[in-house]
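Subject: Structure for you to look through

Hello,

Here is the structure I said I would pass on. Please open it first, then read the notes below it.

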Amino acid sequence: MDITGSSTSARSTELPLPRWRQLGYRYNPTRLALEQRFGVRVQKISIDAGFTCPNVDGTVAKGGCNFCDNRSFSPSRRLPRAGIVGQLQQSIDHMRSRYSDRRAFLAYFQPATNTYAPVEHLRDIYAAALAHPLVVGLVVGTRPDCVPDPVLDLLDEFAASTYVCVEYGMQTMHDRSLDFMNRGCHHDAMIDAMQRSRGRGFEVSAHLILGLPGESHDDMLASGRELVRLGVDSVKLHNLYCVKNTPLAAEVLAGKVQMMSQDDYIETAIDLIELLPPHMVIERTHGEAPPDYLIAPTWCLDKNAVRNAFHLRLDQRDTWQGRLEQQV
Ligand code: SF4
C-alpha cells in the first residue's frame, strides 16, 4: 500500500485517483480545493455584519439553539464591531503580516443568520465586501429556513461574476435532535432549501454536528448519507461542544448531557467521511471554541492535537474519503 491507500495492481483497474489522493491526502481538504480554484492560497475572513437570527428574536423560536453563543464560533463577533470594509482591511492586514502567502481572501459573513434582512440591504453589504480588491468571493452562513427565492436569486446574481458559497446549518437530519437543540426548524427546511439551491451558480456547504444526545452511530452516519443525497458541495463537521451561558451548559453541568470522547468522535467522523464522495470538500474535521468560553469537552481546545490524532487514525485504519461511497 502507498500513502493513498491503494495497491498499484488494484489501482490499474480503477478510475484515476482524485487529485487530493494523488497528493497524499486522505480526504479532500478545503485548502487544496480553494488553491486549485484560485491558483493561490486563499484565506476566509470572518465578517460580522450585525445580523441577529430568527431563532433568537422570536420569529421561529426564542432563545436560539441550545448550544449557541455566536462569539464562541465566530471570531468577528468577539471583536469591537467595525464597518464591513474596516473589518476586512484589519483582518487582511493581520493575515498578511503573519502569512506572506495569503494573497486572496473570501469575505465570510459568519455570525448569526446572514440572509436575515431585506434583499436590498443584503445586496449592499455583499457588494461592499466584494469591492475590496483582494476579496475574490463570498461565503454566506445562514439557516435553511431563511433563504426565500429572492435571496437565492441575489446570491445567484453575485455568483455570475464571483465565487459564492452558501453555508447551511443543517446540523443533523433527525427532527428529534433539531427539537432537542431548539433549532426552530426541521429537516424539511434543509430539503426545501437544497431543492431551490441546486443548479444555481453558487456552491452549497452544510454544517453537521456529531455527538448530539440520543443519536446513535447509525443516526450520525445517516446524516452523512443525507448530505450526499442532498448534493452539498462541502461539509463542516463539528463535535458537539458546550460553551458558557447557554441552555446546553446547564444540562451538561447537571450531568444530563455527555460530550463525545475524542476517540469516539474521530472514529465516527472517519466512518462518515468514508461514505462521502471524493469530490465533496471537507472544510472542517472538528469544532473548536476559545478557552474562556468552553465548558466541555476540553479535548477540543487543542485543535492541532485533534487534527494530528484524526490524521493518525486515518493512517492506522488505512482509509480515505469515499472508500465506502458505494454503500451510501
Ligand atoms: S441558527 Fe445559528 S445563529 Fe441562530 S441560534 Fe442557531 S446557531 Fe445561533
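Which backbone oxygen does the side chain of Arg-26 reach? The side chain reaches the backbone oxygen of Thr-319, at 3.0 Å. Keep in mind that this is a predicted model. Arg-26 sits in the loop between α2 (19-22) and α3 (30-38). Its relative accessibility is 9%, so Arg-26 counts as buried, since the cut-off for buried is under 20%.

Another charged residue in a loop is Glu-274, found between α12 and β8 (281-284). Is Glu-274 buried or exposed? Glu-274 has 4% relative accessibility and therefore counts as buried. Its side chain makes polar contacts with two arginine side chains: Arg-317 at 3.3 Å and Arg-323 at 3.1 Å.

Next, the helices. Helix α12 covers residues 262-273 and helix α13 covers residues 303-317. They pack with their axes 10 Å apart, at an angle of about 55 degrees. The crossing of α12 past α13 is right-handed.

Last, the ligand. The residues around the ligand include Cys-53, Cys-65, Cys-68, Phe-67, Asn-55, Asn-70, Arg-143 and Arg-183. By class, this shell has six nonpolar, three polar and two charged residues.

Regards

Note on methods: Residues are numbered from 1 along each chain as its sequence is written. This is a predicted model: local features need pLDDT of at least 70, side-chain atom pairs count only at pLDDT 80 or more; totals for chains, interfaces and linings use all residues. Side-chain values use heavy atoms; hydrogens and water are left out. A residue is near a molecule or strand if one of its heavy atoms lies within 4 Å of it. Helices (H or I, at least four residues) and strands (E, at least two) are DSSP runs, numbered from the N terminus. Buried means under 20% relative accessible area, exposed over 50%, partly exposed in between (1.4 Å probe, protein chains only). A polar contact is a pair of N or O atoms within 3.5 Å; within protein, one must be able to donate a hydrogen and the other to accept it, and residues adjacent in sequence count only if both atoms are side-chain atoms. Axes are lines fitted to C-alpha atoms, for helices over the stretch in contact, and angles run from 0 to 180 degrees between N-to-C directions. A crossing is left-handed if the near helix is turned anticlockwise from the far one by less than a right angle, and right-handed if clockwise.
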